[in-house]
Amino acid sequence: MSLVVGEIVLNRELVSQHFLMHVKLPVSWATPQPGQFVMVRVRDRRDILLRRPLSIYAFDRDETGLVIELLYRIAGKGTFALSRQKAGEHLEILGPLGHGFDIFPEMKKIVLLAGGIGVVPLAFLASHYMKLPTGDHLEIIGYIGAKSAGHLVGVDKLKEVCTEVKISTDDGSRDYHGFVTELLADDIESFIDGDSIIYACGPSPMMRRLAEVLKACLDAGKGKPIPCQISVEERMACGVGACLGCVIHVKAIGDKTQYKRVCQDGPIFDIRDIIWR
Ligand SMILES: Cc1cc2nc3c(=O)[nH]c(=O)nc-3n(C[C@H](O)[C@H](O)[C@H](O)COP(=O)(O)OP(=O)(O)OC[C@H]3O[C@@H](n4cnc5c(N)ncnc54)[C@H](O)[C@@H]3O)c2cc1C
Ligand code: FES
């Protein structure tokens, strides 16, 4: 992990309020793993002191350095300031941070469940799986949902790296009409064979509903528990485990529970360890 100054190569609005950014980093920057994130800050904005966490969408390395891709939604002051930056301007980048997703090369089906901007770490993960020696034999199925067709981002990227992509919109303006968790729930029995793993990232209600779908499947005695890892989003201040601003409550051994720092112990957790608020 290192704190560096990166040069913006591209910062383009893809759909309303959602931007794709490419940032060039020095060659010394560590190679990121899928699920890891960076803390980003616009250098000359003294009114925005805290860096903001953003997942890594993709990266490309050559002998001159590394270009990371970020995909972000304007949520408030920090991401709005990012959206105003132009190619050639500079950002402070701390990373790569956190623990990435566990990789299971022996699995046959990789299932991705993305809610909105949650597509970011999952697209990186899918491209990582695709490049494995076993990648040719993998079935990678992406489920992606958004409020409406106009809010969908990352579908083209998912199509590049998935065998199949299934889309839902809350208002029915594209493909399945309803929540993406229900689209997945319709297919869940095809993933209980012990050869599948689900990875998810999205808003908290989506993740909570996914936990219910998995539990219902198990309670109904349908096959083995499907392994499931999720990327958790919490507000972060330091990003490196020092401030305890990002702790969540998780299950521990037996009936015990414990607090974990999303930035350092996560952001990837087993869905069955989460204690939902
Ligand atoms: C590990 C991690 C990876 C992330 N990856 C991405 C990504 O790839 N793309 C992307 O667009 N966003 C991502 N986020 C969310 C992003 O960090 C927040 O949207 C951003 O920090 C908001 O900052 P702001 O100054 O624009 O808004 P603020 O003014 O700080 O907040 C605006 C609103 O967003 C809410 N908010 C702030 N931070 C978070 C958060 N971490 N999770 C949920 N709600 C939040 C606030 O409660 C408030 O309602 C990620 C968050 C984490 C923890
Ligand atoms: S953000 Fe400071 S401990 Fe996680």
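In this predicted model, the C-alpha centres of domain 2 and domain 3 are 23 Å apart. These two belong to a chain divided into domain 1 (2-97), domain 2 (109-231) and domain 3 (234-277).

**Interface of domain 2 and domain 3**

- Contact between them involves 13 residues of domain 2 and nine residues of domain 3.
- About 940 Å² of area is buried between domain 2 and domain 3, and carbon and sulfur atoms give 58% of that area.
- Zero salt bridges are counted between domain 2 and domain 3.
- Three residue pairs are in polar contact across this interface, both residues of each pair being at pLDDT 80 or more.

**The side of domain 2 that touches domain 3**

- Two elements, helix H5 (204-219) and strand S13 (228-231), each give two or more residues to this side.
- H5 supplies the largest share of this side, with six residues.
- By residue type, this side of domain 2 has nine nonpolar residues, three polar and one charged.

**Thr181**

- Thr181 is part of helix H4, which covers residues 180-187.
- Thr181 counts as buried because its relative accessibility is 4%, and buried means under 20%.
- Leaving out residues up to four places away in sequence, Thr181 touches Leu113, Met206, Arg209, Leu210 and Val213.

Key:
Residues are numbered from 1 along each chain as its sequence is written. Chains are lettered from A and ligands numbered from 1 in the order in which they are written. This is a predicted model: local features need pLDDT of at least 70, side-chain atom pairs count only at pLDDT 80 or more; totals for chains, interfaces and linings use all residues. Side-chain values use heavy atoms; hydrogens and water are left out. Domain bounds come from an automatic or database domain assignment. Contact means heavy atoms within 4.5 Å. Buried area is the accessible area (1.4 Å probe) that two parts lose on being put together, summed over both. A salt bridge is a side-chain nitrogen of Lys or Arg within 4 Å of a carboxyl oxygen of Asp or Glu. A polar contact is a pair of N or O atoms within 3.5 Å; within protein, one must be able to donate a hydrogen and the other to accept it, and residues adjacent in sequence count only if both atoms are side-chain atoms. Helices (H or I, at least four residues) and strands (E, at least two) are DSSP runs, numbered from the N terminus. Ala, Val, Leu, Ile, Met, Phe, Trp, Tyr, Cys and Pro count as nonpolar, Asp, Glu, Lys and Arg as charged, and the others, Gly among them, as polar. Buried means under 20% relative accessible area, exposed over 50%, partly exposed in between (1.4 Å probe, protein chains only).
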